[in-house]
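Visitor: I would like to learn how to read a protein structure. Please show me the model and take me through its features.

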Amino acid sequence: MPEKNNIPDRVRQPKKYEQLFEILWQQNDESVFSSKAELMLLAAGIGFKEGKRTSFSESLEPIRISTFDNLKFFYMLFNTIAVAETGDINILANEKLNERVIIFEEYACTGLEVINDLVINQPGKKLDNVISLIQSQYSENSAVSAEDILKGFDLNL
């Protein structure tokens, strides 16, 4: 049974990746994302593509789920991952929001590990590394192109 998120209207961020958030989100020369929510969205997609959920207990300040409202693909990805994971359309019921949040968080945790390995721990500009990662995740045979994914983020180009 997944760990319960005690604040169901918020998305937890794994404390383990605090430095990754600082590098890719906070305002500095290497920042890539305009919000932590964008980084979590990309991470969840990558984690789902990897097919692995990683639970965690220590969290940074949780992000209000309403913060994700402005992200183009959030609810589509958030709900699709939950249905694909459970095989049950009933996971979309309002009373199952907490379960969907936990699924999203755990896939995001896996994706953050991938991002840490392939973006942070690699030489070169972080933005270039993020773009390369997205392009490698979405080949020409994917239903969604890398260009479509890149358009969905407000990357600091």
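Guide: Start with burial. Buried means under 20% relative accessible area, exposed means over 50%, and partly exposed lies in between, with a 1.4 Å probe and protein chains only. Arg-10, at 18% relative accessibility, therefore counts as buried. The model is predicted: local features need pLDDT of at least 70, side-chain atom pairs count only at pLDDT 80 or more, and totals for chains, interfaces and linings use all residues. Residues are numbered from 1 along each chain as its sequence is written, and side-chain values use heavy atoms, with hydrogens and water left out.

Visitor: What percentage of the residues of the protein chain count as buried?

Guide: Of its 157 residues, 45% do.

Visitor: Which pattern does the protein chain follow along the sequence?

Guide: Helices (H or I, at least four residues) and strands (E, at least two) are DSSP runs, numbered from the N terminus. This chain has 6 helices and 2 strands, in the order β-α-α-β-α-α-α-α.

Visitor: How many salt bridges does the structure hold?

Guide: Side chains of opposite charge can pair when their charged atoms come close. A salt bridge is a side-chain nitrogen of Lys or Arg within 4 Å of a carboxyl oxygen of Asp or Glu. The structure holds 6 of them. One joins Arg-12 to Glu-105, with the closest N and O atoms 2.8 Å apart. This pair links distant parts of the chain, 93 residues apart: Arg-12 is in the loop between strand 1 and helix 1, and Glu-105 is in helix 4 (residues 97-120). Both Arg-12 and Glu-105 are buried.

Visitor: Which residue has its backbone oxygen 3.3 Å from a polar atom of the Arg-12 side chain?

Guide: That residue is Phe-56.

Terms used. A polar contact is a pair of N or O atoms within 3.5 Å; within protein, one must be able to donate a hydrogen and the other to accept it, and residues adjacent in sequence count only if both atoms are side-chain atoms.
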